[in-house]
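Dear colleague,

I am passing on the structure we discussed, with some notes on what came out of it. Please read the notes with the coordinates open beside them.

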Amino acid sequence: MSKNLHPTMDPTKMGLGRSIAVLTSGGDAQGMNAAVRATVRVGLYTGAKVYFVHEGYQGLVDGGDNIRPATWESVSMMLQLGGTVIGSARCKDFRNREGRLKAAANLVKLGITNLCVIGGDGSLTGANQFRTEWSGLLVDLVKAGTITEAEAKKSSHLNIVGMVGSIDNDFCGTDMTIGTDSALHRIIEVVDAITTTAQSHQRTFILEVMGRHCGYLALVTALSCGADWVFIPEMPPDDGWENHLCRRLADQRARGSRLNVIIVAEGAISRDGKPITSEQIKKLVTDRLGFDTRTTVLGHVQRGGTPSAFDRILGSRMGVEAVMALLEATPETPACVVSLSGNQAVRLPLMECVQVTKDVTSSMAEGRFEDAIKLRGKSFENNWNTYKLLAHINPPDVKSNINVAIMNIGAPCAGMNAAVRAAVRMGIIQGHTMLAVHDGFDGLAQGQIEPITWTTVSGWTGKGGSMLGTKRTLPAKILEEISQNIAKFNIHALVIIGGFEAYVGGLELVQAREKYEEMCIPMVVIPATVSNNVPGSDFSIGADTALNTITSTCDRIKQSAAGTKRRVFIVETMGGYCGYLATMAGLAAGADAAYIFEEKFSIKDLEVNVEHLVEKMKTTVKRGLILRNENSNANYTTDFIFNLYSEEGKGVFDCRKNVLGHMQQGGTPTPFDRNFGTKMGAKSVLWLTEKLKECYRHGRIFANTPDSACVLGMRKRALTFQPLAELKADTDFEHRIPKTQWWLKIRPIMKILAKYNIKLDTTEHADMEHVIKKRSPLGK
C-alpha cells in the first residue's frame, strides 16, 4: 500500500471538472449492477459527472440517447438484480476503426475522458486498444472537422479502468471475477436438487456447466459436492480414462453409494485436444456399466438470478477502487484492472493480465497442462490439488497407527460438516484412524467417541448444521475426564472445528499441558462460526452462508418497503459483539446505516441518521433499511432505536422491526463455505501429519511447543497456521472478538453509497501490482 501523493486532497473534490462513463460489455454476470451502482455513486461523491453508456460498446458507437447522465437515484434498487440494467451487447462496429472513431467523437463532445469498462477479457482488450489509438483518432476527427482543435486539446488523454465481469472466472490475475460466486450458487442449487432425486433411484448424473476455456466452475462444483469425477479443459484425463472412470463408479456403488455425480466443463477435452461431451460420457457409463444415467446441461441458468452477497460486495468494492484508479491515473499509468486478491483490493496492469490469460490458452493448445494450471493462479491450483487428493478412493494398505479425533465446538453453522468430511477423508488417505467426538468437549469428557469412516461422511458437504453435534461447554472444568479419554482412546492429534469457544477451548487445553501430559498432542483449530469473530482468520466457515441469508431477507424487506413507500425497517442481526455480519450485509443489501459495537455511536449519531432518512423521503427513494448488531449497545437496543425512529419520523415515515434470530445459523452451506470448509479440513490434517512426525520421540508422541497448537486461518491472501498462544495478544476476551479486524476499513464505503457526507480515507491505496509469470528455472 502506498501513501497517496496528495494526502491533503479532499476526496469529495477529487473529481471536480472530470467526467466518467461506465459501460458493461460482453456476456452479462450477476453483480455487474453492484459495480455500476458503486461507480456512479462514488463518482458523484468525488464531484465528477457520471454517464451511463447503454448497450455496451454499441451504445458508445451509436451515441445520442445511449450516453446519458447518471444520478444518485437512477442506481437505486439495482443491487439485487441479476444481469446488467444498462444493457450489454456484442458489438461488431467497435472492432473496426470506423466505429472507434464514432465512439471517440461521442466521448469528446461530452467531455468524457475516463472510461470504466465492466466485462470479460475481450471487452477489456478492446478498451485498451481504444486507449492506445486515442490520440490518432483525435487527429483524424479534427482533420474531418468532426471536432475542434480546442475540444481535442481538452480531451487529449483517455483513462481506462476495467473490472472483470465473467461467470467463468477465466481472467488471470484476479481471484474471483464478478458473477462467479453467483453462478456457483445457481449450480449448487441444481446439484442439491439432483442429489435428492438421484439417491431415490440409484442413478448416475452427469452435469455440464459453463466454462469454454476455463474449468473453474466445474472444479469448484466438484469440490463442493464431492463429485466422483471432473472434466476440465486445463487438465484433460490421462489416456485410458474410460476404464479408470468406470472402475471408480463401480467402486463407489460397491461401497454402498446410491449416487454418482460427474461434472463436465463445456470446454472439456481429451489429451489429444478432442472434445469430451456429456453425451459421450453417458454412452460410456450406460454401455459399460449398465447404470441408469441422466445428463443435465445447465446453460444460461448459471448467468441468471440474483447476485450473491459476495458478488455484491465484490462489485461495490471494485467500483470504489475503479473510480479512485481513474481519478489518480496519469497519461503514463498503464490501463489497469481492479481486482480482489484474498480480501485485498488490488490494481493490475490490464495487458499483463490479458497476456497471462492468453498464455493459458496457448499452454493448453500445446499440451503443457501443468503450466496452464499454474498460470491460472494460486487459488485454482489449490482447488485442483485438494480435489485430486480427496478423489482417491483406495486408502493405503499401510496404516500409520495414528488416531486423529475431530470435534465441533460452539454454535452450529453451515460448512462445519464439509470441514469434517474433508478432514476425515484426508486422514484416511494418510493411513490414520479417524475418531468422531460427539457433542464437543462434553462428549470428549464422557467418552462419546467412535471411529468415523470414508462412507460415514459421504454427502456431508451439502448438509447444514453440525452432524457430530456441538456444545458450548469449555474444557477447563472437565480436564481430568478429557485427559483420561485422550489416553483411553489413544488420541494422538485433535481437530477442533468451531467458533470463539473452539479457540478459547484450544487455549485451555494448551495451558493444561503443564499439568496433563495427555494434552501434549498436536491440535488445530478451524474457525467455523457465523459471527466471524475468531482471532487468526479473516473469514470463518459459516459466515458467508449467514451473510447470504441476511441479504436475501433484507431484499424481501426492501421490496415490501418500496411497495408501501415511506417506510423504514430496523433489522437485528447476530454476531455477538462482532459487527461483521451487520456491516457486510449492510453493504450487500444497500442499508442506510449499520450499528455495531466496534464503532461507538451516540444519540447524536442516531439523530443524524434520522435526519438523513427524513431527507431521503423527499427523493424518489422512499424507504429505509437500518441494520443493528445484536450487541452493538446495551442501552440503545433494537426496541429503543425502533421507538426513537418511530417518534422522530412521525408524519414522514413509519417504522417496522425484524429480529432475524437463529435462521442465520441454518440453511444449506453456500458454495464458498463448502469449498472453504473442504480446503481447511484437508489442510489441517496434512499439517497434523507433518507435526506428528516432528513430535515423535522414543516411540511416542510428545508435543508441547507453542507451534504444535495452531489456528488455521485465512490471512489476506493465504491459509496460514498461527500458534494459539501468539494470538492471545490480539484478542479481546471480554467481548469475544479480535482486536484488529480488516473489514472495519470497508465500512466507509457503505456510508458513502448510502449518501453520507463523510471523508473517505484515501491515504491507503492499492498500488499497481504485477502479474508474475510463474516459470521457475527448475521447472518445479
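This is a predicted model: local features need pLDDT of at least 70, side-chain atom pairs count only at pLDDT 80 or more; totals for chains, interfaces and linings use all residues.

Residues are numbered from 1 along each chain as its sequence is written, and side-chain values use heavy atoms, with hydrogens and water left out.

Helices (H or I, at least four residues) and strands (E, at least two) are DSSP runs, numbered from the N terminus. Six of the six residues of strand β17 (residues 493-498) are buried, so β17 is largely enclosed by the rest of the structure; buried means under 20% relative accessible area with a 1.4 Å probe, protein chains only. Ala493, Val495 and Ile497 point one way from β17, and Leu494, Ile496 and Gly498 the other way.

Strands pair if DSSP finds at least two bridges between them. Strand β13 (residues 403-409) pairs with β17 in the parallel sense over six bridges, and strand β18 (residues 523-527) runs parallel to β17, joined to it by five bridges. Valine 404 stands opposite alanine 493, whereas the bridge partner of isoleucine 496 is valine 525 in β18.

As for cavities (sets of points on a 1 Å grid over the protein atoms alone where a 1.4 Å probe fits but cannot get out, lining residues having an atom within 4 Å of a point), the largest is lined by Val191, Ile194, Thr195, Phe205, Leu207 and Val261. Helix α6 (180-201) and strand β7 (204-209) each give two or more residues to this lining, with α6 giving the most, three residues.

Best regards

Note on methods:
Buried means under 20% relative accessible area, exposed over 50%, partly exposed in between (1.4 Å probe, protein chains only). On a 1 Å grid over the protein atoms alone, a cavity is a set of points where a 1.4 Å probe fits but cannot get out, and a pocket is an open set with protein on both sides within 12 Å along at least five of seven lines; lining residues have an atom within 4 Å of a point.
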